[in-house]
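Here's a quick walk through one model, from its core out to a few loop residues. Have the sequence and the 3D view open as you read.

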Amino acid sequence: MSEEKKGFFARLKEGLTKTRDNIVRGIDSVFSGFSAIDDDFYEELEEILIMGDIGVNATTAIVERLKQQVKEKHIKEPSECKQLLIESIKDQMQVDETAYDFEKEQSVIMVIGVNGVGKTTSVGKLAGKLKDEGRKVLIAAADTFRAAAGDQLAEWASRADVPMIGGKEGADPASVVFDAVNAAKARGVDVLLVDTAGRLHNKKNLMEELRKMNRIIDKEFPNAHRENLIVLDGTTGQNALVQAREFGEVADLTGIILTKMDGTAKGGIAVAIQSELKVPVKYIGVGESIEDLQKFNSDEFVNALFDVNMDDIGELHLPEEEAGETDAEE
């Protein structure tokens, strides 16, 4: 594992301290407090997972899988269930290898989400990451409704050393997208990143604006790989799930960027979102710098959540070939 990855893991682990206190202490008390694996044991476990923002759907799936494994492996001691629970949560959060195909193909990535979640910052960080991977990137500043959004994005574009096409404040976002798409085609750009408005006069306007932008991209750039990444603030817990559902009504969500995971007690929402919406968390952010946004890795996340020692990670993987695949992705 690279130094950057190790550093990120340490920051993620530190960032999840409050979540760990919120969920893991409760789980540990169940494993040590019960002398038998019975209905009360499972009920208590379910309650702690749901209270920890992991959500009803994910909790039900995790506990059902645990019950099945306890039965298959003839486990009698509650304390022996912890590792099975960790693996079950990892399975819930696996991200398919094809989830990052857009990084290798000519793509248009629309980045959506309400104001204040770290959307513009995420666009800048993602642009920097893709450029470092050798991709030719262009940013479209289509959030023309928020004062200073363009300036903020221009600063990030400069930091990432990526060109930007922007409209004046109050300009039609769809026209910015039209210009950016045509510039991307003319310049042979690999990835066009579109920053969108997080709030208009009302929700109906905002959603209609997103539809309009999508129609322009469909018409002007039909062969491009499409991604709609929603940025969600990890500190908002169940509200993040509500936001994702609302945006999902007008945009085909393909992935989630989960921000502000440094210091939230609601980190369990990462599990809930993936399970409830069937949309993978693709990136996770734990700070302000470009390297503080990384691809989501279920093993790393759950190891950080449960404070699993990095040296033990090799032993925690399931079959060897799966471990090999994960390493290759990193």
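## Ground rules

This is a predicted model, in which local features need pLDDT of at least 70, side-chain atom pairs count only at pLDDT 80 or more, and totals for chains, interfaces and linings use all residues. Residues are numbered from 1 along each chain as its sequence is written, and side-chain values use heavy atoms, with hydrogens and water left out.

## The nonpolar core

Start with the largest nonpolar core, which has 108 residues. A nonpolar core here is a set of buried Ala, Val, Leu, Ile, Met, Phe, Trp, Tyr and Cys residues joined through side-chain atoms within 4.5 Å. Buried means under 20% relative accessible area, exposed means over 50%, and partly exposed is in between (1.4 Å probe, protein chains only). The members that touch the most others are I27, L85, L192, L193, F301 and F306. Helix α8 (residues 173-187) gives the most to this core, with seven residues. Helices (H or I, at least four residues) and strands (E, at least two) are DSSP runs, numbered from the N terminus.

What does F306 touch, not counting residues up to four places away in sequence? The list is R20, V24, I27, K82, L85, I86 and I89, where contact means heavy atoms within 4.5 Å. I27 and L85 turn up there, and both are also among the core members that touch the most others. As a general point, nonpolar side chains in soluble globular proteins tend to be buried together.

## Two residues in α8

P173 and A184 both give a view of helix α8. P173 is buried because its relative accessibility is 2%. Leaving out residues up to four places away in sequence, P173 touches A142, T144, F145, E209 and M213. E209 is 36 residues from P173 along the chain, with their C-alpha atoms separated by 7.6 Å.

A184 has a relative accessible area of 0%, so it is buried. Setting aside neighbours within four places in sequence, A184 is in contact with L138, V189, L192 and F221. L192 is one of the core residues that touch the most other members. Y100, 84 residues from A184 along the chain, has its C-alpha atom 20 Å from that of A184.

## How α3 packs on α4

Two packed helices are described by the angle between their axes and the distance between the axes. For α3 (residues 39-51) and α4 (residues 56-72), the angle is about 150 degrees and the axes are 9 Å apart. Axes are lines fitted to C-alpha atoms, for helices over the stretch in contact, and angles run from 0 to 180 degrees between N-to-C directions.

From α3, the residues in the contact are Y42, L45, E46, L49 and I50. They meet V56, T59, I62, V63, L66, K67 and V70 in α4. By class, that makes nine nonpolar, one polar and two charged residues. Ala, Val, Leu, Ile, Met, Phe, Trp, Tyr, Cys and Pro count as nonpolar, Asp, Glu, Lys and Arg as charged, and the others, Gly among them, as polar.

H74 has a positive phi, near 55 degrees, in a residue other than glycine. At 61% relative accessibility, H74 counts as exposed.

Is P78 buried or exposed? P78 is buried, because its relative accessibility is 1%. Beyond residues up to four places away in sequence, P78 touches F31, F34, S35, A36, I37 and F41.

## Helix α6

α6 is mostly covered, with 12 of its 14 residues buried. Among them are V123, G124, L126 and A127, along with K119, K125 and K129. Just after α6, G134 takes a positive phi of about 90 degrees.

## Around α11

K260 lies in the loop between β6 (255-259) and α11 (269-277). Although K260 is not a glycine, its phi is positive, at about 60 degrees. K260 counts as partly exposed because its relative accessibility is 33%.

L277 is in α11 itself, and at 21% relative accessibility L277 counts as partly exposed. L277 touches L241, A244 and R245, not counting residues up to four places away in sequence.
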